[in-house]
Amino acid sequence: MLEKSEAVVCRSITEKLLYRIHYFSPAWFGVVMGSGISGAILIDYPFGARWLRVIGIAFWAFATGLLILFCIMTILRHILFPETFKQVLFHPMQSMFLGCMPMGLSSVIADTISIFGKRAVWPCYILWWIDLALSLACAWLLVFVGFVHHSRKHPEGLNAVILLPVVTLVVNSSTGSLILEELPENWRPHMIVMTTLVWGNGEVLAYAFTCVYAWRLLTGNMPAREMMISCFLPIGPFGQGAYGFLLNSENLQNYLVNHDYPMLSQVPVIKYIGIIIAVVMVGFATFWLFCAVAGCLYYRPKIFGIAWWGLSFPVGTYAVATNQLGIALNADAFRVVSCVVGTIVVLVSLALFIPTFYFSVIKDDIFRNFAMEMEEMYPMQETLSNKTDDLGTSKIEKIC
């Protein structure tokens with residue numbers, strides 16, 4: 001009897017695990033993004049302390065572990081249930097979250113290079129190129145699939161999640177700029193060109209998509225209460241864009257001073273241009289931050305979902321951008337703003353861990369919500385729970 005009971009328990013655990021693998025959404029990589037940006041804030045905290053850096057390293061370790069776990073779950077999902085990839089790719093909402101994967105990898109790479117410096121430069125350099133390939137696949141291929149297959153006939157069908165595939169390039173560019181600072185001198189020119197090209201491509205696309213989103217708000221008003229957290233996403237392209245442009249302009253300035261134009265050390269024109277553009281972008285990000293906070297206070301979203309992690313990363317980019325401006329201008333005002341916003345982001349990330357664990361490990365609400373959304377989009381598709389063969393054996397039972 002004991003062996004039979006143990007077999008039933010083991011079978012139950014296996015079924016629960018398979019259920020979570022089958023309904024594993026790419027939005028889960030948003031947890032990696034939120035953890036990674038929280039680590040970046042603490043590692044380079046404006047008025048830092050050693051204990052803050054230690055906590056930041058803990059965030060980085062946690063984000064790295066989650067990234068590995070989520071990659072394994074994604075691979076298993078597409079091996080065990082190969083039809084799910086096409087379903088997600090053609091889903092107008094869930095396909096956008098595929099952009100969270102390269103951004104999660106970028107966050108981990110950025111934290112790694114900030115912690116280990118030159119000791120990790122070559123592994124980070126290789127991973128950066130892999131991340132660039134994934135980012136281009138999202139920003140170009142995924143967006144093209146959206147042009148061809150995704151049907152959004154009403155403004156209500158457009159949400160800020162449309163920004164996720166294109167922001168991948170902006171995040172990748174700023175990560176590449178951090179790696180560039182640790183590379184040998186003769187390896188820097190091509191990285192300066194690549195990070196600038198990637199930044200320009202991603203930022204211009206993000207501006208275009210933000211205009212579309214602004215039109216959606218003007219014609220269809222604010223999103224529904226359950227989608228209100230997505231209003232924070234437009235902060236990301238401009239917060240991360242300002243941070244990346246500051247790094248790119250400073251890297252180009254330093255390279256030109258050390259090689260062809262030493263007179264730029266007297267008047268760092270390129271650095272000043274970078275600061276001006278970054279300040280403008282932070283100003284635009286501040287507008288979207290106000291709209292998002294005001295919208296949440298007015299509508300008060302109450303139902304937790306994995307998309308709530310879309311709050312941490314965009315606002316976190318605002319914190320790192322203002323911190324970088326404080327460094328560039330030697331202005332304590334920007335550092336104070338970065339401290340306030342960054343502290344809020346870290347506390348929000350810590351708070352989000354609790355419901356995320358509860359609704360995914362103890363209960364399965366997050367996976368069940370994703371299953372319902374997919375079944376609503378594909379009503380003719382048989383689900384994991386009811387997919388049976390001629391003998392009435394479900395697919396999950398056959399795998400077990």
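# Questions on a predicted all-helix model

User: How many salt bridges does a search of the whole structure find?

Analyst: This is a predicted model, and the salt bridges in it come from a search of the whole structure. One of them joins the side chains of R188 and E185, and another joins D332 with R335. The number found by the search is 4.

User: How many helices and how many strands are there in the protein chain?

Analyst: Read along the sequence, the protein chain follows the pattern α-α-α-α-α-α-α-α-α-α-α-α-α-α. Of the 400 residues in this chain, 52% are buried. The count for the protein chain is 14 helices and 0 strands.

User: Where do D332 and R335, the two partners of another salt bridge, lie?

Analyst: The closest N and O atoms of D332 and R335 are 2.8 Å apart. D332 counts as partly exposed at 48% relative accessibility, whereas R335 counts as buried at 14%. The two residues are 3 residues apart, about one turn of the helix, and both lie in helix α12, residues 332-362.

User: What is the phi of R300, a residue that is not a glycine?

Analyst: R300 is found in the loop between α10, residues 269-299, and α11. At 58% relative accessibility R300 counts as exposed, because exposed means over 50%. Although R300 is not a glycine, its phi is positive, at about 50 degrees.

User: In which loop is the place of N330?

Analyst: N330 is a residue other than glycine with a positive phi, near 55 degrees. With 60% relative accessibility, N330 counts as exposed. The place of N330 is in the loop between α11 and α12.

User: Which element gives the largest share of the lining of the largest pocket?

Analyst: The largest pocket has a volume of about 1,300 Å³. Of the 48 residues that line this pocket, M93, Q94, F97, M227 and E373 are the closest to its centre. The elements that give two or more residues to the lining are α2, α5, α7, α11 and α13. The largest share, 7 residues, comes from α13.

User: How many nonpolar residues does the lining of the second largest pocket have?

Analyst: The second largest pocket, with a volume of about 510 Å³, is lined by 29 residues, of which A40, D44, S114, L178 and Y243 lie nearest its centre. At least two residues of this lining are supplied by each of α2, α5, α7, α9 and α11. By class, the lining has 10 polar and 4 charged residues, and its nonpolar residues number 15.

User: Which element gives the most to the lining of the second largest cavity?

Analyst: The search of the whole structure finds 2 cavities of 30 Å³ or more, and the second largest cavity has a volume of about 40 Å³. Its lining is made by L246, S249, E250, K271, Q324 and A328, and the elements that give two or more residues to this lining are α9 and α11. By class, the lining has 2 nonpolar, 2 polar and 2 charged residues. With 3 residues, the element that gives the most is α9.

Note on methods
Residues are numbered from 1 along each chain as its sequence is written. This is a predicted model: local features need pLDDT of at least 70, side-chain atom pairs count only at pLDDT 80 or more; totals for chains, interfaces and linings use all residues. Side-chain values use heavy atoms; hydrogens and water are left out. On a 1 Å grid over the protein atoms alone, a cavity is a set of points where a 1.4 Å probe fits but cannot get out, and a pocket is an open set with protein on both sides within 12 Å along at least five of seven lines; lining residues have an atom within 4 Å of a point. Grid points are joined across faces, edges and corners, and a volume is the space filled by probe spheres set on the points. Helices (H or I, at least four residues) and strands (E, at least two) are DSSP runs, numbered from the N terminus. Ala, Val, Leu, Ile, Met, Phe, Trp, Tyr, Cys and Pro count as nonpolar, Asp, Glu, Lys and Arg as charged, and the others, Gly among them, as polar. Buried means under 20% relative accessible area, exposed over 50%, partly exposed in between (1.4 Å probe, protein chains only).
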